Amino acid sequence: MGETTAIDRAHALEAFHRYVEPYDANNPRIALKVEHTLRVAELADRIAAGSGFTEAGCDVAWLCGLLHDLGRFEQLRRWDTFNDGDSVNHATLGASILFGEGSVAFATAESDDDVFAHHNRTAGSIRAFCDDPALDSMIRAAVAHHSDFRLPEALDVRTHAICDVVRDADKLDILRVTCTDAVETVLGVSEDELLESTVSPAVEDAFFAHRTVARAERETPADYLVSLACFTYELVYPTSLKIALEQGFLFQPFERPFGIEKPFATPATRFLMNRMDGHLRGWIDERL
């Protein structure tokens, strides 16, 4: 990442705020994604700097963090959900908006879609954020693959490194969201529904196998919490794990998910969550 870049952070940040302006700022899920985006950009910058990236490399990491969830705003407007399975892959949507690829970015289904299609073609164009076409393939990959279960093997070394930074930063802030936002906002279920849920066998197996949980394996709200804890296993950069410990959110999916103090309803789930908490702490201690 030794090349110079044409990234003006102030300009890119202004472009991001212009892009999200037409979306409903009173919707807490829109506000959540704006805050999440800005934090991921900051975390990506910090991870890159702490991992020895050049100043130019840190700029690229920051910009990719800023753009990684661009598709979430259209996803929520069109389908009223953040669930990719019930709508569309938000990462693919974001990349197609930025680079004008594919009908999914500009399909019309409602009376105001023509206006938003124009908005996406202009305010959502990659050129609104970055003047350097040489960075397009790297940015496209970082946005399109940030939520993939595994990165494509064909990525070049520099692109893979940037993708890993963005994925680490995204995981770190998703952990924060689980501690600071309401369960209704994030999962669309009530506190009681979360506490009455149980952990699916496949998700339990993934946790103790030290791997992330595939989206198709998640069946219950409790599964979501365990999948968050599993993020820790696949943080790529040592700086990311250090930041996670500093933030203090690593164990909250087990202790106080979404700030909820009440325990899970079934003794078996309470026991399993306590066991997972201790297991994760031991795993981290070994690495430190």
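## Basis of the model

The structure is a predicted model, in which local features need pLDDT of at least 70, side-chain atom pairs count only at pLDDT 80 or more, and totals for chains, interfaces and linings use all residues. Residues are numbered from 1 along each chain as its sequence is written, and side-chain values use heavy atoms, with hydrogens and water left out.

## Overall fold

The protein has 15 helices and zero strands. Both terms refer to DSSP runs, numbered from the N terminus: a helix is a run of H or I with at least four residues, and a strand is a run of E with at least two. Along the principal axes, the C-alpha atoms fill a box of roughly 55 × 45 × 30 Å. The radius of gyration is 19 Å, which agrees with the value near 19 Å for a compact globule of 288 residues. This radius is taken over C-alpha atoms, and the globule rule is 2.2 Å times the number of residues to the power 0.38.

Of the 288 residues, 55% count as buried. Buried means under 20% relative accessible area, exposed means over 50%, and partly exposed lies in between, with a 1.4 Å probe and protein chains only. The accessible surface comes to about 12600 Å², and 50% of this surface belongs to carbon and sulfur atoms. These areas come from the Shrake-Rupley method with a 1.4 Å probe; for residues, only the protein chains shown count as cover. Among contacts (heavy atoms within 4.5 Å) between residues at least 6 apart in sequence, 70% join residues at least 24 apart.

Helix α12 spans residues 221–230, and ten of its ten residues are buried. Among them are Asp223, Tyr224 and Cys230. The buried residues of α12 pack against α8 (157–180), α9 (183–187), α10 (191–196), α11 (201–208), α14 (252–255) and α15 (267–287).

Helix α4 (residues 71–79) is also mostly covered, with eight of its nine residues buried. The buried residues of α4 include Arg72, Phe73, Glu74 and Arg77. Just after α4, Asp80 takes a positive phi of about 55 degrees.

## The largest pocket

The largest pocket holds about 1200 Å³ of space. Of its 43 lining residues, Arg72, Phe82, Arg215, Arg218 and Tyr224 are the closest to the centre. Pockets are found on a 1 Å grid over the protein atoms alone: a pocket is an open set of points where a 1.4 Å probe fits, with protein on both sides within 12 Å along at least five of seven lines, and lining residues have an atom within 4 Å of a point. Grid points are joined across faces, edges and corners, and the volume is the space filled by probe spheres set on the points.

Helices α2 (28–50), α8, α9 and α12 each supply at least two residues of the lining. Helix α8 gives the most, with seven residues. The lining divides into 15 nonpolar, eleven polar and 17 charged residues. Here Ala, Val, Leu, Ile, Met, Phe, Trp, Tyr, Cys and Pro count as nonpolar, Asp, Glu, Lys and Arg as charged, and the others, Gly among them, as polar.

## Residues near the start of the chain

Val20 is in helix α1 (residues 9–20). Val20 counts as buried because its relative accessible area is 9%. Leaving aside neighbours within four places in sequence, Val20 is in contact with Val34 and Phe73. Val20 and Ala229 are 209 residues apart in sequence and 30 Å apart in space, C-alpha to C-alpha.

Ala25 lies in the loop between α1 and α2. Ala25 has 60% relative accessibility, so this residue counts as exposed. Not counting residues up to four places away in sequence, Ala25 touches Ile30 and Ala31.

Most residues other than glycine have a negative phi. His210, in the loop between α11 and α12, has a positive phi near 60 degrees. With a relative accessible area of 31%, His210 is partly exposed. Phe258, in the loop between α14 and α15, also has a positive phi, near 55 degrees. Phe258 has 9% relative accessibility and therefore counts as buried.

Asp277 lies in helix α15. At 12% relative accessibility, Asp277 is buried. The residues that Asp277 touches are Phe251, Phe254 and Glu255, not counting residues up to four places away in sequence.
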